[in-house]
Amino acid sequence: MSGDDDEQAVFDALADPDCRDILATVEEPLPAKAVADACELPQTSTYRKLQQLSEAGLVTEETDVRPDGHHTTTYVRDSTGVFVPLGGDEAFDVEVLREGNSADERLALLWSRVSEEL
């Protein structure tokens, strides 16, 4: 996927109200059925939306390993926000902020983007 495709994937996912509901729901790892129930969506739609969010880099798929051998796939939000600086030449860049980024790192990113604009 090119940079433009990556950005478009993020925008498309965030433009979808069901995807936004899912993002709000998957603060902790949840299986798709629990996500579907919480968001009141059909499971097929939920899987499709989770795939869309995963391709946009907003949700991570994990495996919940169980002692009985019946492992479960769970989904968890892999971002804390999206930063979209607008350039003077009508260009923009999209940066997905990850959970691992500390407040200091997010502030440093913001200031670096602001200083680029000055």
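Select Glu27 first: once its neighbours within four places in sequence are left aside, Glu27 is in contact with Val76 and Arg77, where contact means heavy atoms within 4.5 Å. Residues are numbered from 1 along each chain as its sequence is written, and side-chain values use heavy atoms, with hydrogens and water left out. What you have open is a predicted model, in which local features need pLDDT of at least 70 and side-chain atom pairs count only at pLDDT 80 or more, while totals for chains, interfaces and linings use all residues.

Stay on Glu27 for a moment and show the C-alpha atoms, because at 53% relative accessibility this residue counts as exposed (buried means under 20% relative accessible area, exposed over 50%, and partly exposed in between, with a 1.4 Å probe and protein chains only). Glu27 lies in the loop between α2 and β1, and its C-alpha atom is separated by 6.0 Å from that of Val76, although the two residues are 49 apart along the chain.

**The whole chain**

Now zoom out and colour by secondary structure, which here follows DSSP runs: helices are H or I of at least four residues, strands are E of at least two, and both are numbered from the N terminus. The chain has 5 helices and 5 strands, and from the N terminus on they follow the order α-α-β-α-α-β-β-β-β-α. Of its 118 residues, 30% count as buried. Among contacts between residues at least 6 apart in sequence, 46% join residues at least 24 apart.

**Helices α2 and α3**

Next, select residues 17-25 (α2) and 32-39 (α3), whose axes come within 10 Å and cross at roughly 115°; these axes are lines fitted to C-alpha atoms, for helices over the stretch in contact, and the angles run from 0 to 180 degrees between N-to-C directions. The crossing of α2 and α3 is right-handed, a term used when the near helix is turned clockwise from the far one by less than a right angle, anticlockwise being left-handed. To see where they meet, show the side chains of Asp21, Ile22 and Thr25 in α2, together with Val35, Ala38 and Cys39 in α3. The residues of this contact divide into 4 nonpolar, 1 polar and 1 charged, where Ala, Val, Leu, Ile, Met, Phe, Trp, Tyr, Cys and Pro count as nonpolar, Asp, Glu, Lys and Arg as charged, and the others, Gly among them, as polar.

Keep α3 selected and look down its axis. Which residues of α3 are buried? They are Ala32, Val35, Ala36 and Cys39, and they fall within an arc of 100°, so they line one face of the helix; the arc is that of the directions from the helix axis to the C-beta atoms. These buried residues pack against α2, β1 (30-31), α4 and β3 (72-77), whereas the face turned away from them carries the exposed residues Asp37 and Ala38.

Most residues other than glycine have a negative phi. Glu40 has a positive phi of about 55° although it is not a glycine, and it counts as exposed because its relative accessibility is 73%.

**The nonpolar core**

Then select Ile22, Leu50, Leu53, Ala56, Leu58 and Val59, the residues with the most contacts inside the largest nonpolar core, which has 19 residues; such a core is a set of buried Ala, Val, Leu, Ile, Met, Phe, Trp, Tyr and Cys residues joined through side-chain atoms within 4.5 Å. The elements giving two or more residues to this core are α1 (3-15), α2, α3 and α4 (43-55).

Centre on Ala56, which touches Ala9, Val10, Ala13 and Val96 when residues up to four places away in sequence are not counted. From there move to Val59, in strand β2 (residues 59-64), which counts as buried because its relative accessibility is 4%. The contacts of Val59 beyond four places in sequence include Leu23, Val26, Leu50 and Tyr75, and its C-alpha atom is 5.5 Å from that of Val76, 17 residues apart in sequence.

**Last stop: Val94**

Finally, select Val94 in the loop between β4 (81-83) and β5 (95-97), a residue that is buried, with a relative accessible area of 15%. Val94 and Glu7 are 87 residues apart in sequence but 5.9 Å apart in space, C-alpha to C-alpha. Beyond its neighbours within four places in sequence, Val94 is in contact with Glu7, Val10, Phe11, Val82, Phe83 and Val84.
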